[in-house]
Amino acid sequence: MGDKVAIEISRELYEKARKFIEENGGFKDVSELVEFLLNEAISDESESVGMTPEEEEKVKERLRSLGYI
Amino acid sequence: MVSRPHGGRLVRRVLSGRRREIFESQYREMPRLEVPLERAIDAEDLARGVFSPLEGFMVEDDYLSVLSRMRLSNDLPWTIPIVLDANREWVLNEGVSAGDDIILTYHGLPIAVLTLEDIYSWDKGLHAEKVFKTRDPNHPGVEATYKRGDILLGGRLELIQGPPNPLERYTLWPVETRVLFKEKGWRTVAAFQTRNVPHLGHEYVQKAALTFVDGLLVHPLAGWKKRGDYRDEVIIRAYEALITHYYPRGVVVLSVLRMNMNYAGPREAVHHAIVRKNFGATHFIVGRDHAGVGSYYGPYEAWEIFREFPDLGITPLFVREAYYCRRCGGMVNEKVCPHGDEYRVRISGTRLREMLGRGERPPEYMMRPEVADAIISHPDPFI
Ligand SMILES: [Zn+2]
């Protein structure tokens, strides 16, 4: 199924996660929960700001001209 | 990595490039709604991500959800409605409906394009009771609410240009503070909200926070004043003096935020925290009676409300108010000083104002002399 890889987690944690989804909903399965949490933990902050390197350079120029950096 | 924007993504809705050209050729024919400075400021704050994830003025679903349960309809914490009002006559005269683009103008100057999604009416009494916890028109926020139009317009907007800003040199937007914090290598940043010049109590609270984080964002609200308040440029000068003489180099960013002040007490404390999260702050210093006015809110209500938002994504810091203790021989707070009231010298903002107004330097255990001089040297420090 597409670009997926298998990962291993302890059965105990898996069962807890499954129970969590059962009780709280919000996720289709444990894989979806794991993917969401990993994304939360490691996704680059600049992604959430959505700036190109050129835009970032322009911001830095203003910060320099104002004496902030 | 500093705080992620509220809702996950920083909103940036400034009209540019081809879209801008299209609007420039068309906007003369579009319906225009003249708005007061407060709404023009809201529009710019919305477009520049201060209110992320909001992309425009609230539609009815979100408005009612925020009013009743302090969350957007998607469950994200949000405590202060950001709404655009208009008069019924304007709506009827212009014959606008959902899907229409309208131009918001301030003093005739085009500020933003709003794509209407929702036109609805509101119950101002209920609004006042929910947001301000009172219907009393003597409350400044309630009074302002009653003066607004009876129809609300919801929809996403795009900024054409913000209203003229006399403090542009000191204004940084969320994208800018985020780049700045990254440049400085700060991973944790505590934001301090203020509308005042700093006395020793403020310095104590900020330094208590700074002990645990990489950097401090001193973030005065600008452009929104009532009579007797310090002028914005006086607050800036006073802080510059304090930072120069009493803070280590490179640990403080001083920048102003032009945002409306509602005096909504606890709800507004949460709002202030959410907004600072968008600027990249990881921690937010919540004052005693934060954003309060008169005696409408209990002194610690603004702290208690944070318990309802474990999912806020920014850590509130409740630092107790500082005073000078003659036995401790320094600035302390109730948590660390065992001595009785007879040793405690509290700093009164009113008393400071009176002394500074007469051109007097307050005693050094109240205000740093350099700060006092920066204020006194201004020909007219108060509005
Ligand atoms: Zn003491």
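1. Chain B is divided into domain 1 (17-159) and domain 2 (168-260 + 320-377), with bounds that come from an automatic or database domain assignment. This is a predicted model, in which local features need pLDDT of at least 70, side-chain atom pairs count only at pLDDT 80 or more, and totals for chains, interfaces and linings use all residues. Residues are numbered from 1 along each chain as its sequence is written, chains are lettered from A in the order in which they are written, and side-chain values use heavy atoms, with hydrogens and water left out.

2. The C-alpha centres of domain 1 of chain B and domain 2 of chain B lie 33 Å apart, and their contact (heavy atoms within 4.5 Å) takes 11 residues from domain 1 of chain B and seven residues from domain 2 of chain B. Between them the two domains bury about 850 Å², 64% of it on carbon and sulfur atoms, where buried area is the accessible area (1.4 Å probe) that two parts lose on being put together, summed over both.

3. Across this domain interface the rule finds one salt bridge, defined as a side-chain nitrogen of Lys or Arg within 4 Å of a carboxyl oxygen of Asp or Glu. Elsewhere in the list of such pairs, the side chains of Arg258(B) and Glu44(B) meet in a salt bridge at 3.9 Å, N to O.

4. The largest pocket holds about 1,300 Å³ of space, a pocket being an open set of points on a 1 Å grid over the protein atoms alone, where a 1.4 Å probe fits, with protein on both sides within 12 Å along at least five of seven lines. Its volume is the space filled by probe spheres set on the points, which are joined across faces, edges and corners.

5. The largest pocket is lined by 41 residues, of which Asn196(B), His199(B), His202(B), Arg288(B) and Glu321(B) lie nearest its centre; lining residues have an atom within 4 Å of a point. H12(B) gives the most to this lining, with four residues, helices being DSSP runs (H or I) of at least four residues, numbered from the N terminus.

Methods:
Helix = DSSP H or I, 4+ residues; strand = E, 2+ residues; numbered from the N terminus.
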